Amino acid sequence: MISRMLMFVLKCLFLSFVGVYTAASVVQGANSCEYPAIFNFGDSNSDTGAISAAFTGVLPPNGENFLGSLSGRACDGRLIIDFITEELKLPYLSAYLNSVGSNYRHGANFATGGSSILPGGYSPFHLGLQISQFIQFKSRTKILFYQHLVNNRTKLSFKSSIPRPDDFSRALYTFDIGQNDLAYGFRHTSEEQVRGSILNILRHFSQAVQQLYIEGARVFWIHNTGPIGCLPFNFLSYESKRGNMDANGCVNPQNEIAQEFNRQLKGQISQLRRKLPLAKFTYVDVYKAKYQLVSNARKLGFVNPLKFCCGSYHGYQITCGKKNTENETFYGNACKNPSQLVSWDGIHYSQAANVLIANQILSGAFSDPPVAIGQACS
């Protein structure tokens with residue numbers, strides 16, 4: 001009990017430190033943008049049910065701390081995108097591909113697990129396809145909103161579940177994508193080839209943003225890619241060599257390429273600012289926030305950051321929630337205390353980690369320009 005209380009105090013002190021830093025460096029003021037909607041694009045780091053609806057369901061114990069079997073999230077609880085909606089006092093985003101119980105009045109989530117910026121990766125729902133889905137969604141929404149009668153008899157009953165046409169130009173457009181472009185490259189090509197592919201990846205990203213701008217999007221909140229070399233799955237599958245692991249046990253070459261990706265992404269956003277003068281861009285250094293969490297994990301009450309809670313990659317691979325039978329049956333069960341681990345399943349962060357990361361990045365302390373998410377339109 002005493003040790004738990006101590007860890008709680010340490011976490012509070014950590015957040016207090018972030019608050020002090022933020023007060024000194026971030027533009028002050030309450031949320032002033034009043035976004036009517038959020039439209040999100042990404043991969044499993046922000047997927048709120050798309051991959052579960054499109055293919056097989058995201059199985060328990062995923063979602064055990066949030067919505068249970070209906071969560072659709074690769075996590076025990078909430079994702080960073082969920083904390084974004086909470087911060088902006090908007091409802092949680094429904095996945096565009098989920099037809100059951102969805103409401104799109106305040107936005108839609110086009111992110112899908114496994115997605116990449118380029119086509120041909122782990123998922124068919126690459127960024128270009130997500131943008132096409134958005135354009136169709138916007139077009140059909142406008143038609144439906146202004147169509148008062150169906151067969152000249154029945155009034156439409158779902159206006160309350162779709163955005164208003166003028167919401168699209170005042171909405172917040174969020175991105176968290178790119179990790180799978182690197183991950184797929186690491187698995188199927190060399191590290192140098194991955195590094196060489198970054199320019200083309202980001203060219204496609206820039207084209208996607210420009211398409212949204214043509215559709216009226218004006219406020220963009222863009223996460224860079226995290227320290228992929230600190231994911232337990234990559235640590236366990238990487239051939240360790242002298243000098244390839246840093247002090248935290250993360251895979252140095254992979255993190256260096258992720259940092260190069262982020263450097264070029266930041267440059268690409270600078271170009272977009274010049275090319276699209278009516279838009280507001282916020283580049284968010286998620287890499288730094290996540291790496292600081294990994295580096296300070298034990299101080300914040302977590303165990304070894306390279307351990308994870310659900311599934312297994314030791315000798316036999318069992319995805320969280322599934323089972324594997326080789327002579328005997330092994331189950332991808334969860335640990336008893338996911339809040340003590342940074343990683344949920346070896347690839348995705350736990351809710352406890354996500355809330356700490358969100359508390360930092362939403363304040364603007366890791367953003368360029370240094371504005372809180374509620375002020376990103378100004």
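Student: Leaving aside its neighbours within four places in sequence, which residues is Phe 39 in contact with?

Tutor: In this predicted model, Phe 39 is in contact with Gly 107, Ala 108, Phe 110, Phe 134, Phe 137, Pro 163, Phe 168, Ala 171, Leu 172, Tyr 173 and Thr 174. Each of them has a heavy atom within 4.5 Å of Phe 39, so each counts as a contact.

Student: What is the bridge partner of Phe 39 in strand 2?

Tutor: That partner is Ala 108, which is also on the contact list of Phe 39. Strand 1 and strand 2 (residues 107-109) pair in the parallel sense over 3 bridges.

Student: Why are strand 1 and strand 5 said to pair?

Tutor: Pairing asks for at least two bridges, and strand 1 and strand 5 (residues 172-176) have 5, so they qualify. Their sense is parallel, and Asn 40 stands opposite Thr 174 of strand 5.

Student: What makes strand 1 largely enclosed by the rest of the structure?

Tutor: Buried means under 20% relative accessible area. In strand 1 (residues 38-42), 5 of the 5 residues are buried, so the strand is largely enclosed. Both faces are covered: Phe 39 and Phe 41 are buried on one side, and Ile 38, Asn 40 and Gly 42 on the other.

Student: In what order do the strands of the open sheet run, and which stand at the edges?

Tutor: The sheet has 6 strands in the order 2-1-5-6-7-10, with mixed pairing. Strand 2 and strand 10 (367-368) stand at the edges; each has a single partner strand, so one side of each is left without a neighbour in the sheet. Elsewhere in the order, strand 6 (residues 219-223) and strand 7 (residues 280-284) pair in the parallel sense over 5 bridges, with Ile 222 opposite Tyr 283.

Student: Which residues touch the most other members of the largest nonpolar core?

Tutor: They are Phe 39, Phe 41, Tyr 173, Phe 175, Phe 205 and Phe 220, in a core of 80 residues. Helix 6 (residues 191-214) gives the largest share of this core, 9 residues. Another core, of 5 residues, lies apart from it, and Cys 309, Cys 310, Leu 341 and Trp 344 are among its members.

Student: How do you know that helix 3 is mostly covered?

Tutor: Count its residues that are buried: 6 of the 8 in helix 3 (residues 80-87). They are Ile 80, Ile 81, Asp 82, Phe 83, Ile 84 and Thr 85. What covers them includes strand 1, strand 5, strand 6, helix 9 (286-295) and helix 10 (351-361). Helix 3 is followed by Lys 89, whose phi is positive, near 55°.

Student: Why is the space lined by Ile 80 and His 348, among others, called a cavity?

Tutor: The largest cavity has a volume of about 90 Å³. Asn 45, Ala 74, Leu 79, Ile 80, Asp 176, Lys 290, His 348, Tyr 349 and Asn 354 line it. By class they divide into 4 nonpolar, 3 polar and 2 charged. A search of the whole structure finds 3 cavities of 30 Å³ or more.

Student: What makes a pocket something else than a cavity?

Tutor: A pocket is an open set of points, whereas the probe cannot get out of a cavity. The largest pocket has a volume of about 1,200 Å³. It is lined by 40 residues, and Gly 114, Tyr 122, Tyr 313, Ile 347 and His 348 are the closest to its centre.

Student: What share of the lining of the largest pocket comes from helix 5?

Tutor: Helix 5 supplies 5 residues, the largest share. Helix 5 (179-188) and helix 7 (232-237) each supply at least two. By class, the lining divides into 16 nonpolar, 18 polar and 6 charged residues.

Student: Which residues lie nearest the centre of the second largest pocket?

Tutor: Thr 48, Leu 70, Ser 71, Asn 98 and Val 100 do, out of 19 lining residues. The volume of this second largest pocket is about 400 Å³, and its lining has 8 nonpolar, 10 polar and 1 charged residues.

Notes: Residues are numbered from 1 along each chain as its sequence is written. This is a predicted model: local features need pLDDT of at least 70, side-chain atom pairs count only at pLDDT 80 or more; totals for chains, interfaces and linings use all residues. Side-chain values use heavy atoms; hydrogens and water are left out. On a 1 Å grid over the protein atoms alone, a cavity is a set of points where a 1.4 Å probe fits but cannot get out, and a pocket is an open set with protein on both sides within 12 Å along at least five of seven lines; lining residues have an atom within 4 Å of a point. Grid points are joined across faces, edges and corners, and a volume is the space filled by probe spheres set on the points. Helices (H or I, at least four residues) and strands (E, at least two) are DSSP runs, numbered from the N terminus. Ala, Val, Leu, Ile, Met, Phe, Trp, Tyr, Cys and Pro count as nonpolar, Asp, Glu, Lys and Arg as charged, and the others, Gly among them, as polar. Buried means under 20% relative accessible area, exposed over 50%, partly exposed in between (1.4 Å probe, protein chains only). A nonpolar core is a set of buried Ala, Val, Leu, Ile, Met, Phe, Trp, Tyr and Cys residues joined through side-chain atoms within 4.5 Å.
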